[in-house]
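Hi everyone, thanks for coming.

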Amino acid sequence: MSNFPFPRLRRLRNSDAMRGLVQETHISPSDFVYPIFVTHGRGVRRPIESMPGIFQLSLDYLIQEVEEINALGIPGVLLFGIPDRKDDEGSEAHSPTGIIQEAIRIIKQTSPDLIVMADVCLCEYTTHGHCGIIREGVVDNDPTLEILSQVAVCQADAGADIVAPSAMMDGQVASLRLALDDSGHETTSIMSYSAKYASSFYGPFRVAAESAPQEGDRRGYQMDPPNSRQALLEIEQDIAEGADIVMVKPALAYLDVIATAREQFISPLAAYNVSGEYLMAKLASETKWFDGQRIITEIITGIKRAGADIIISYHAKEVSKWLIES
Ligand code: PBG
């Protein structure tokens, strides 16, 4: 008995109150950003086959959606547009009357306090489905930067609070920062998808956003999944270029990257709990072997515990409801 350990870690686990007292990680609706797919038309609330519970919304439904998000205490939304017209250069992405610009304007009119983030990428807008423009068979970095900058300025003109470049072009943050500052948008923030991996977990999103590449894949610009030190280089570079918030994406298979990034950098860190992660949890929840609320809460808690300050998640609304009810 004499050398029985003095610490008995179970002491702090013997009631809800005691567990609560020593709980290290708390999740809250204020941690979340909710992604939304916006489409043309009126009265459209089109279920996305690959993402149960998620819809493509027309602007009238968008107004209702953001009111609900506001009421839940979720501070921001991340907008993706589904244009009615695609071309080789994705020019609809920087049309002042494009779907994303209309969506930004309407949210800023109806829910001005909600933080509006807009995805800056071309894949939803190009006929070929790549994130940049193609020259001689490759996605050509530097000419793409000019177009991405036009997209960001156009979104900022419409009222976006944060622009979020996700194309994984080198120099995209610096290029956006210069263009925003030159056009009087020095207060518009940049959340960069800094360490964005070429992941199979984006499959369901590409159905939702109608953005699958027609040929090839994105491995020539998105990161290679086995690499983590390279993620730190990407993040370091983006911070140097002026990113206000950096991101690791996806989240679940990359919790190590989130944890290391949290240790190494001071900037706010976002994690994107992507479409495939959402679909897996939803499908698992439908079986009798999982309690959906509990596995989803555990997943979100894990992402927060790993070090994410901001969690972009399709689960944001349901988790916020559970948190409010509990
Ligand atoms: C656009 C973009 C993608 C996602 C966010 N922005 C798709 C891609 O890179 O193919 C994926 C989000 C998700 O899977 O939820 N480039």
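First, a word on what a pocket is: on a 1 Å grid over the protein atoms alone, it is an open set of points where a 1.4 Å probe fits, with protein on both sides within 12 Å along at least five of seven lines, and its lining residues have an atom within 4 Å of a point. Please keep in mind that this is a predicted model, where local features need pLDDT of at least 70 and side-chain atom pairs count only at pLDDT 80 or more, while totals for chains, interfaces and linings use all residues. Residues are numbered from 1 along each chain as its sequence is written, and side-chain values use heavy atoms, leaving out hydrogens and water.

So, which residues lie nearest the centre of the largest pocket? They are Gln23, Ile27, Thr297, Glu298 and Thr301, out of 16 lining residues. The volume of this pocket, meaning the space filled by probe spheres set on grid points joined across faces, edges and corners, is about 580 Å³. Helix α10 gives the largest share of its lining, seven residues; helices here are DSSP runs of H or I with at least four residues, strands are runs of E with at least two, and both are numbered from the N terminus.

On to the second largest pocket, at about 230 Å³. Sixteen residues line this one too, and closest to its centre are Tyr34, Gly53, Ile54, Glu65 and Lys317. Here strand β1 (32-39) supplies the largest share of the lining, four residues. Also giving at least two residues each are β3 (55-57), α9 (275-286) and α11.
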